[in-house]
Amino acid sequence: MFANSITVIILSLLVGLPPLIFMAWGLRTGQFENLDETSESIFEEEELRYLRPWEKPAQVSERARTYGALLPASREGWKKWL
Amino acid sequence: MTRISILLLGALATLIFALVILVIMPGALLSSVKAPPQLKPYTDQELLGRHVYIQNGCVYCHSQQVRDPAFTSDVARGWGNRPSVPADYVYDKPHLLGTMRTGPDLMNVGSRLPDPQWHLLHIYQPRALVPWSIMPSYSFLFEHKQTAAPGDTVLNVPKPYAPTTGVIVATDEAKALVAYLLALKHDYPAPAEEGVTPAATAPTP
Amino acid sequence: MAINPSDSKVSPPGKKTVEAATRRDSTIDHSQVRINVAEAARIDRSSRLPVLVGFALAILWLLEGTILGDIASFKFDFPDFLSGQAYLTFGRIRPGHLNAMIYGWASTAMFSVSLWMMPRLCRTPLRWPGVALGGIIIWNIGVYLGIILLLAGVTDGLEWLELDHRTADPLMVIGVAMVGASIWRTLAARNVEHLYVSVWYVAASYPWVALIFIAGNLPIYTGVESAAVNWFYGHNALGLWLTTINLGLIYYLLPKIVGRPIYSYWLSLIGFWGLALFYSLNGMHHLIGGPMPSWMIATSITASILMVIPVVAVGINQHMTIAGRFGALRYSPALTFLVLAAMSYTAVSLQGIMTALVSVNRITHFTHWTIAHSHLGVYMFVTMALFGGIYYILPRLIGREWPSANLIRAHFLLVGLGMVIYVVTLGGGGVLQGLQMLDPSQSFEASVNAARPWLLTRSFAAVLISAGHVVFAAHALMLVLRGRSPVREEPPFFFIRPVLVKHE
């Protein structure tokens, strides 16, 4: 009933503009950089170096390659993570 | 992301965008919808009945909308003679469009089932009239009296559901609910152009 | 007994350990980036009281909502069951169930989850914990009052917005604002530079839910506008509150338990902003074919279809994080629940997109398919994620392990099996019901009879789920009451037989 009105289309485009502006602003100020660092920030120190008992040998060696010498998955140590 | 201002403003901007599109704009557009002349405002009794309808959650099983016959069978089923339009609802606050049809649509129940006695008994015990019905009994809207007082609306309850002694009398709430149901008649011709007067249409350059 | 990397092409021999530990990007010193265990414990202590109170109240609500849900379910099979009293009538019990589950159980548990997660992610103690605690209590008083009034017959009459706008709603707004204030104050005091994706989800949810709750409850709308606002709210309560907090929880715990960062952080960005933009426009697909201006419905159908983008982004991201490591489910009950929740999120969203298409909607609209769909969302996704969160968080706050792996297993099997039966049978029954209703040559009786057997299986499923909830609540009580002495060395699911996977 109102869909073709140019006024409505222009109005909604105007209202939709702020999200775009904030996105451009975010990109410019580097909000979306250092993604890898951020994705690892949730881990506590050495948390990624514990051997996970469910991992296959290839996954274990990948973990060691990426995060350094692995720590044994002692039961006591595990309690913190599971 | 490092700045919470971008997060906050971005989050608010997206929501306000949606608010404008789905709440504020339709609000402005629909406020100009006029009631069709055949649609009467609810009387006090009907409003009480509507209140009873809302209180007891009839909306969770009964819709009040006839959908487009192009892709539904609502009209073919006899629930109405045309799709509902915004003008049919101008006196409804809150709306009772509903999202379930565990029971049939009630948009035109006043035209389809015009007998108040039928409705009273159906509300008291639906299975007394419709054996396969899974509608709950609303016996708490009725009084069980030993003898009817003058002016009481006595129900003619059939055998297995009738009390062993005394009579079943409709309360004012039950009568109001039935008055509301009987007032649900939206089978007048649809107002022109879905109720939008030309003045409401924004000027196109 | 450190295990050396088998492939040493990255770190030259000699200074292997040091180099390997900080290899990933030479500009990042991980010892600076990462939190240490003592600090994490200190942060957990700061949020302990409000989080525990929230979980306790949430579990009570879960039981109460379960009872209401069971009564409502059995009323379909035995229409005269408990029909003598007004407060027990179906039309009051059903919204009572919905409100107890959404605002009582899920929302209260989500307050706790976000109050626990936020300080950890911001690496600073929770600010204003008293305000947060007060907010949780005021919210719960509001919900309790609202549900009592609802059963007594005082209701606003709109689905998802039934709670009384004069008494209950103001309390709830104050409550959520207080919890939100504590969350945002903590965020403002953060000790991290970059905000993790869970922070966006959790932090954005609070202004979102406050705004939509106020907008939805304003008693100023009439006619079809009231319907538009109703479903704008109803859908966003799911999309911008229940979904977002729980996705934030999954984004935090899933990588943490599996022990690898999220597959693609870039995808999580797309997922978040796509969800914010598209989900908020979805609501009108509850009114397809109804008396709404057609452009509104068209907008919502379009936005629903565009939801494919964030849903697939989140789905791929979470699947690729766990892919190849499903064995981890054997070791962590929290992970088992969270993975099921993550998969259900993808499933329920794709199902929702499908349901928004007119060709499907003409059959499924107004049928029990909708109920099955909403339980897939609010139960299989939201509630399962919250169970996972509680299994992970409670032992850390109370300082001892869950007493029994068998009870966890029983809980999982009961609610998992119950829910699968629920969703599959009731969803199928809904389609059969819809097909009968779409065929004008069939009487309405046919559509009622088509649904009845499936309503009965739903009641059976409800009993299974209820049993699961009783097991869960009893187990949580045991965990609290057990005292400090017998500390288990192993967490449940550690080196024990798998629940679902056959032991090799």
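Where is C:Trp160 found in chain C? C:Trp160 sits in the loop between H5 and helix H6 (168-188) of chain C.

## Before you dig in

What you're looking at is a predicted model, where local features need pLDDT of at least 70, side-chain atom pairs count only at pLDDT 80 or more, and totals for chains, interfaces and linings use all residues. Residues are numbered from 1 along each chain as its sequence is written, while chains are lettered from A and ligands numbered from 1 in the order in which they are written.

## Where chains B and C meet

Chain B puts 56 residues into the contact, and chain C puts in 68 residues. Two residues are in contact if their C-beta atoms, placed from the backbone, lie within 7 Å.

On the chain B side, helix H1 (4-30) and helix H2 (44-55) each supply at least two residues. H1(B) gives the most, with 16 residues. Sorted by class, the side of chain B that touches chain C has 34 nonpolar, 15 polar and 7 charged residues. Here Ala, Val, Leu, Ile, Met, Phe, Trp, Tyr, Cys and Pro count as nonpolar, Asp, Glu, Lys and Arg as charged, and the others, Gly among them, as polar.

Most residues other than glycine have a negative phi, and most peptide bonds are trans. Now for chain B: the peptide bond from B:Lys93 to B:Pro94 is cis, with omega near -5°. B:Pro94 belongs to the loop between H2 and helix H3 (109-112) of chain B.

Chain C has positive phi values in residues other than glycine: C:Trp160 has a phi near 75°, and C:Arg123 has one near 55°. C:Arg123 is in the loop between helix H4 (90-122) and helix H5 (129-152) of chain C.

## Buried or partly exposed?

A residue is buried if 20 or more other C-beta atoms lie within 10 Å of its own, exposed if 12 or fewer, and partly exposed in between, with C-beta atoms placed from the backbone. C:Trp160 counts as buried because it has 20 C-beta neighbours inside 10 Å. C:Arg123 has 16 such neighbours, so it counts as partly exposed.

## A look at C:Arg127

C:Arg127 also lies in the loop between H4 and H5 of chain C, and it counts as buried because it has 21 C-beta neighbours inside 10 Å. Leaving out residues up to four places away in sequence, C:Arg127 touches C:Ser182, C:Arg185, C:Thr186 and C:Ala189. From C:Arg127 to C:Ile137 is 10 residues in sequence and 17 Å in space, C-alpha to C-alpha.

Terms used
Helix = DSSP H or I, 4+ residues; strand = E, 2+ residues; numbered from the N terminus.
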